[in-house]
Amino acid sequence: MATPLTHLGDISVEVFLKEYWQKKPLLIRQAFPGFESPLDGDELAGLSLEEEVESRLVLEKGKTPWELQNGPFDEDTFGKLPESHWSLLVQAVDQWVPEVNELLQHFRFIPNWRLDDIMISYAPDQGSVGPHFDYYDVFLLQGAGQRRWRLGQMCDSESPRVPGIALNILEQFEQTDEWVLEPGDMLYVPPGLAHWGIAEGESITYSIGFRAPSHADILSELGQDVADRLSNDQRFSDPDLQLQDNPGTIAPAAIAQIRKLLTEQLTDERIASWFGRYMSERKYLDEEAQEPIESEEWIPAMQDGLLLWRHPAARFAWYALENDRALLFADGAQFPASAGFARYLCECEEIDWQGLEPWLDDDEHIAVISALVNQDTLLLDE
């Protein structure tokens with residue numbers, strides 16, 4: 001029998017995935033017993049002053065209903081806010097605060113390439129972002145204070161929104177459930193389900209979200225990736241063309257030719273190559289260039305006790321090929337590797353010399369580590 005995990009209450013991961021994931025909501029009381037938020041409202045506001053941090057303010061009763069303001073903000077902004085009915089949202093806090101990043105380890109039962117980031121919202125009394133729905137799964141962990149969550153109907157792109165405002169606020173909200181969450185409580189909300197969180201007093205909520213590309217994005221991005229690999233010499237051809245009764249007819253043979261073209265290009269390996277690079281792309285990139293580091297530098301440094309740490313924003317994935325080979329993906333880049341080496345890198349948060357040394361009898365593996373260090377995916381430090 002599978003062992004239940006604390007943060008899923010008294011059910012196992014297998015039961016959660018089978019009965020709740022992308023199907024129905026789940027309230028988990030004290031998913032994280034004794035949880036204390038690593039950040040308070042002032043510290044979160046401090047992050048929103050930084051140029052490289054994505055942040056938003058939502059004022060329910062601003063210049064317009066549900067006014068949206070985008071950061072970075074300044075201190076005067078917060079001095080002018082009303083006492084209630086507003087929310088501050090800061091994206092990807094896991095990339096800036098190690099204690100927040102550690103929360104992601106509790107959600108590794110979902111593939112790494114599906115994890116997006118941890119957004120933190122602070123709100124004074126009655127602060128909210130309104131009734132809305134998301135196209136992705138989200139775990140809502142209460143970090144401090146209380147928030148009343150109301151769940152409503154299933155929604156889609158046809159669900160009426162309040163016109164004339166920047167946010168996708170639902171015109172109608174058909175409440176089905178309601179709970180007040182305390183610190184450590186967590187609510188799972190599947191895609192498409194309307195939800196509405198309202199602070200009761202000061203409140204901090206952690207939103208652990210997941211990537212869910214649209215079918216339109218998948219087809220357009222994959223199609224462009226395939227097209228980039230083809231030469232201008234590769235053209236539609238019909239050497240077996242036959243006389244038609246009507247010159248305007250598109251014959252089944254022409255459609256079969258197009259289907260054959262697509263089938264030849266869309267192999268599992270080519271799809272995996274694009275998908276792995278696409279889903280492992282970082283949401284936010286570091287723009288500071290650094291001097292290249294060669295293996296002659298990082299190998300002795302690790303022998304002397306330094307570690308390789310995964311960058312807080314780094315994304316890893318791998319796809320198994322035949323003959324114990326694999327495609328390794330890291331931050332949008334693809335590398336050839338052995339399956340065992342790819343699995344090892346995707347499992348490790350920190351890498352020491354003892355764990356890495358057995359893989360370094362292969363120049364290919366050494367080259368991969370050097371590339372990962374130089375693209376800031378792996379950090380060399382104590």
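In the predicted model, the buried residues of helix H8, which spans residues 295–303, are Ser-295, Trp-298, Ile-299, Ala-301 and Met-302. Viewed down the axis of H8, these buried residues fall within an arc of 165°, and they therefore line one face of the helix. An α-helix has 3.6 residues a turn, so residues three or four places apart point the same way. The cover over the buried residues of H8 includes strand S10 (307–310), strand S14 (350–351), helix H10 (353–356), helix H11 (363–374) and strand S15 (378–381). H8 is followed by Gly-305, for which phi is positive, near 115°.

Helix H11, one of the elements that cover the buried residues of H8, also holds His-365. With a relative accessibility of 4%, His-365 counts as buried, and, when its neighbours within four places in sequence are left aside, His-365 is in contact with Ser-338, Phe-341 and Trp-359. The C-alpha atoms of His-365 and Ala-337 lie 6.7 Å apart in space, although 28 residues separate the two in sequence.

Ala-337 is also among the residues touched by Leu-328, a residue of strand S12 (residues 325–330). Leu-328 counts as buried, at 0% relative accessibility. Not counting residues up to four places away in sequence, Leu-328 touches Phe-316, Ala-317, Trp-318, Ala-333, Gln-334, Phe-335, Ala-337, Ala-342, Leu-345, Cys-346 and Val-368. Between Leu-328 and Ala-339, which are 11 residues apart in sequence, the C-alpha to C-alpha distance is 8.5 Å.

Cys-346, one of the residues touched by Leu-328, is itself buried, with a relative accessible area of 11%. A disulfide is a covalent bond between the sulfur atoms of two cysteines. With a disulfide taken as a pair of cysteine sulfur atoms within 2.5 Å, the count in the model comes to 0 disulfides. Cys-346 is accordingly in no disulfide, and the nearest cysteine sulfur, that of Cys-348, is 9.4 Å away. Cys-155 likewise counts as buried, at 11% relative accessibility.

Open space in the model was then examined. Rolling a probe the size of a water molecule over the atoms shows where empty space is left. The largest pocket holds about 810 Å³ of space, and of the 32 residues that line this pocket, Arg-56, Met-119, His-132, Asp-134 and Tyr-136 are the closest to its centre. At least two residues of the lining of the largest pocket are supplied by each of strand S2 (55–61), strand S4 (86–90), strand S5 (115–123), strand S6 (138–154) and strand S9 (193–210). Among the contributors, S9 gives the most to this lining, with 6 residues. By residue class, the lining of the largest pocket divides into 13 nonpolar, 11 polar and 8 charged residues.

The second largest pocket holds about 400 Å³ of space. Its lining comprises 21 residues, of which Asn-101, Arg-108, His-311, Pro-312 and Glu-349 are the closest to its centre. Helix H4 (98–101), S5 and S10 each supply at least two residues of the lining of the second largest pocket. The lining of the second largest pocket divides into 8 nonpolar, 5 polar and 8 charged residues.

The peptide bond from Gly-71 to Pro-72 is cis, with omega near 5°, and Pro-72 is placed in the loop between strand S3 (65–70) and helix H3 (75–79). In the loop between S4 and H4, Ala-92 has a positive phi of about 50° although Ala-92 is not a glycine; with 1% relative accessibility, Ala-92 counts as buried. Gln-126, found in the loop between S5 and S6, is a residue other than glycine that has a positive phi, near 70°. At 29% relative accessibility, Gln-126 counts as partly exposed, whereas Ala-92 counts as buried.

Note on methods:
Residues numbered from 1 in each chain as written. Predicted model: local features only at pLDDT ≥ 70, side-chain atom pairs only at ≥ 80, totals over all residues. Heavy atoms only, no water. 1 Å grid on protein atoms, 1.4 Å probe; cavity = no way out; pocket = protein on both sides within 12 Å on 5 of 7 lines; lining within 4 Å. Points joined across faces, edges and corners; volume = space filled by probe spheres on them. Helix = DSSP H or I, 4+ residues; strand = E, 2+ residues; numbered from the N terminus. Nonpolar A, V, L, I, M, F, W, Y, C, P; charged D, E, K, R; others polar. Buried < 20%, exposed > 50% of the residue type's maximum accessible area, 1.4 Å probe, protein only. Arc of directions from axis to C-beta. Contact = heavy atoms within 4.5 Å.
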